[in-house]
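Student: Could we go through this model together, one question at a time?
Tutor: Gladly! Have a look at the structure, and then ask away.

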Amino acid sequence: MSPRFLGYGFAILGVLIISPDSALIRKVGMDPAALLFWRGFGIFVVSAVLSVLWYRGRLLSYFTESGVLGLLIALFFFISTCSFVYSAVTLNPIVLLIFVALGPVSGAVFSIILLNEPPRLAVWIAIGLSFLGMAIVVWGEMHGAGTLEQLRGGQRPNLPGPLSLLALILVPTLLGLGFTLARKLKQPNVWPSNALAGVMAMAIMPFIAPSLVVPSGIFWEFWFLVIFVSGVSFILITLAPKFISSAETSLVFLLETVLGSLWIWGLLGQRPEGHEIAGGAVVTLAVIVVVVSAARQKSSTSTLPPT
């Protein structure tokens, strides 16, 4: 199996696992800071166990060899997780969907700046298709909410607050940057950095959260979200940039928005509208384009970052 197909395999499997994330966050209904504490706990447990098994006695050498880059990966992962959870809890999920679609652009830009690795033409085409898919969703939502009529009438539509707007900007920015840094890091994986990000959440969130008590009646949903969805998914997703570019990883990550809407339908009874189905189909086409283009390349082509 070629390295590129291995990278796509890790990314797709990780996205399949993380796809019920938004639906479970809303079903659990916890305070964002409390949920971040437990999410950090799940990420720490899974990442720490795998890090110990993989690195054994060389675990500390990971941080000495990675230096500032390993710490930055942990910090950006922590901030992006906080931004995503805050946005998912406090904002319309469609707004979050719009900004997540900027992730591949962020990954492409950071790949050019940090790795001197411009994306392939097929990746740019897929990015364009992803924007088209999101535009269909946005148009449908604005039409349904009467936002278009407000704009035509010269009224000011409701906009997110400053903190929400900051979180929305950080989600795609740090998504692309994190994947790029993971690709740049000269280590087989970034699991110790993931574990450190979990420690950050557990250390900070108790001072912000009003309570860390888990609500009753959601035992299985809660622990599935914390351990499996939060912990296991990013183990796989952060392996993908070792084999494919950060822009390609971000493109595959967009499948979460398509699959997530189906989970929201199944768990919360919120049926997707026609424009959401159409937009999701275009996003899926974008991922198919980039995967098929990779399949046409020679399997012997190296996809590792330049030294």
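Predicted model: local features only at pLDDT ≥ 70, side-chain atom pairs only at ≥ 80, totals over all residues.

Student: How are the rings of Phe10 and Phe243 arranged: stacked, tilted or edge-to-face?
Tutor: Their ring centres lie 6.0 Å apart, and the planes make an angle of 35 degrees. Planes under 30 degrees apart would be stacked and those over 60 edge-to-face, with the rest called tilted. The pair of Phe10 and Phe243 is therefore tilted.

Student: How many residues apart in sequence are the parts that this pair ties together?
Tutor: Phe10 sits in helix α1, residues 3-18. Phe243 belongs to the loop between α12 (219-237) and α13 (246-253). The pair therefore links parts whose separation in sequence, in residues, is 233.

Student: Is Phe10 buried or partly exposed?
Tutor: Its relative accessibility is 21%. Buried means under 20%, and exposed means over 50%. Phe10 therefore counts as partly exposed.

Student: And what kind of aromatic pair do Phe37 and Trp38 form?
Tutor: Phe37 is buried, because its relative accessibility is 14%. Trp38 is buried too, with a relative accessible area of 17%. From centre to centre their rings are 5.1 Å apart, and with 85 degrees between the planes the pair is edge-to-face.

Student: How many charged residues are in the contact of α5 with α11?
Tutor: On the α5 side, the residues include Leu71, Ile73 and Phe77, while α11 contributes Leu196, Ala197 and Met200 among them. By class, the contact has 11 nonpolar and 3 polar residues, and the charged ones number no residues at all: there are no charged.

Student: What about α2 and α14: how many charged residues does their contact have?
Tutor: The axes of α2 (residues 21-28) and α14 (residues 255-268) come within 7 Å, crossing at roughly 35 degrees. Among the residues in contact are Asp21, Arg26 and Lys27 of α2 and Glu256 of α14. Alongside 6 nonpolar residues and 1 polar, the number of charged residues is 4.

Student: Is Ser51 buried or exposed?
Tutor: Ser51 is found in helix α3, residues 32-55. Leaving out residues up to four places away in sequence, Ser51 touches Arg56, Leu59, Trp191 and Pro192. Its relative accessible area is 2%, and because the limit is 20%, Ser51 is buried.

Student: Which residue has a positive phi although it is not a glycine?
Tutor: Look in the loop between α7 (103-115) and α8 (121-145). With a phi of about 50 degrees, the residue is Asn116.

Definitions and conventions
Residues numbered from 1 in each chain as written. Heavy atoms only, no water. Contact = heavy atoms within 4.5 Å. Helix = DSSP H or I, 4+ residues; strand = E, 2+ residues; numbered from the N terminus. Nonpolar A, V, L, I, M, F, W, Y, C, P; charged D, E, K, R; others polar. Phe/Tyr/Trp six-rings, centres within 6.5 Å; stacked < 30°, edge-to-face > 60°. Buried < 20%, exposed > 50% of the residue type's maximum accessible area, 1.4 Å probe, protein only. Axes fitted to C-alpha atoms, helices over the stretch in contact; angles between N-to-C directions.
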